[in-house]
Amino acid sequence: MSASRVPILMYHAVAHAPSRATYGLSVSPHAFARQMRLLADRGFHPLTAEELATAWRSGSGLPRKPVLITFDDGYEGVHRHALPTLAEHRFRSTLFASTGWLRGPHDTGGALDLMLSWGQVKELADSGMEIGGHSHTHPELDQLPDDQLWFEVLKCREVLATELGRAPVSFAYPYGYSSRRVRRIVRAAGFGISLAVGNGLAARPQGPYALERVTVRRSTGIAEFERLVEGRGVGRIFARDRTLTKGYALYRRTRQVVRKATETRV
């Protein structure tokens, strides 16, 4: 794998028995522990999203075999199951929290499974895990009008800053969807780096607001996981995903055009 290409692993729920809605994008605690052991045995150096952004902006360079371990949404299993394993290896990681899904005073409902409490989020932050933004209520940001888009991004940032005493630096787009308009607003809101999906390795030419990640799911075996982090055959692994994504992207663009035309008539 080229030193200029970095695997950014995208996790969601880590649970023995996740909900039906999160099952496909979940991993079992055993599988997660085995994957982290492989990273340790292969000499990978986990970074946070903020550390990656700083290194690439300053030109200070990256450690040998860098990798990012990221978690989306804020499922309770990140604290219950992932944190002990990460602590065992002294691994850095990043959680992208949907603030309106977390249990506590900002909960708007709509979460797909048991979520973290704010006490648990603070414990994750105290352990060294970076806490980034993932919108407030987890919508498809590129389908929103400007006022709602600004609300989702700024509310998320405001809640994290209030609860944790530090404004977040990183952001991840819900569902991986963004656009030039979304990226511009995320940047203007004060975020210094943002991650998409793409199912490819991250590289500086992608820009700091469209870095690609690779999806780790329930069906990801240890041999496939090794190929992902080593950057071997990533395109083949996700060939079906990319075909489906292209078709859905056309549908979503059409839906957006119809929405804008409707708003104009109104």
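1. In this predicted model, Asp41 counts as exposed, because its relative accessibility is 51% and the cut-off for exposed is over 50%. Its salt-bridge partner is Arg37, with a distance of 3.7 Å from N to O. Arg37 has a relative accessibility of 39% and therefore counts as partly exposed.

2. Arg37 and Asp41 both belong to helix 1, where they stand four residues apart, about one turn of the helix. An α-helix has 3.6 residues a turn, so residues three or four places apart point the same way. Salt bridges with shared partners also bring in Glu88, so that Arg37, Asp41 and Glu88 form one network.

3. Helix 1 covers residues 29–41, 13 residues in total, and spans 18 Å from its first C-alpha to its last, close to the 18 Å expected. After the helix comes Gly43, which has a positive phi, near 80°.

4. The buried residues of helix 1 are Pro29, Phe32, Gln35, Met36, Leu38 and Leu39.

5. Leaving aside residues up to four places away in sequence, Leu9 is in contact with Leu39, Val67, Leu68, Ile69, Thr70, Val214, Val216, Phe225 and Val229. In soluble globular proteins, nonpolar side chains tend to be buried together.

6. The count of salt bridges comes to 10. One of them joins Arg42 and Glu226, whose closest N and O atoms are 3.0 Å apart. This pair links distant parts of the chain: Arg42 is in the loop between helix 1 and strand 3 (45–47), whereas Glu226 is in helix 7, 184 residues apart. Arg42 is partly exposed, at 34% relative accessible area, and Glu226 is likewise partly exposed, at 21%.

7. A further salt bridge is formed by Glu50 and Arg166, at 2.9 Å from N to O. Because Glu50 lies in helix 2 (residues 49–58) and Arg166 in the loop between helix 5 (146–164) and strand 7 (170–172), the pair ties together parts 116 residues apart in sequence. Glu50, at 23% relative accessibility, counts as partly exposed, as does Arg166 at 47%.

Methods. Residues are numbered from 1 along each chain as its sequence is written. This is a predicted model: local features need pLDDT of at least 70, side-chain atom pairs count only at pLDDT 80 or more; totals for chains, interfaces and linings use all residues. Side-chain values use heavy atoms; hydrogens and water are left out. Helices (H or I, at least four residues) and strands (E, at least two) are DSSP runs, numbered from the N terminus. The expected span of a helix is 1.5 Å times one less than its number of residues. Buried means under 20% relative accessible area, exposed over 50%, partly exposed in between (1.4 Å probe, protein chains only). Contact means heavy atoms within 4.5 Å. A salt bridge is a side-chain nitrogen of Lys or Arg within 4 Å of a carboxyl oxygen of Asp or Glu.
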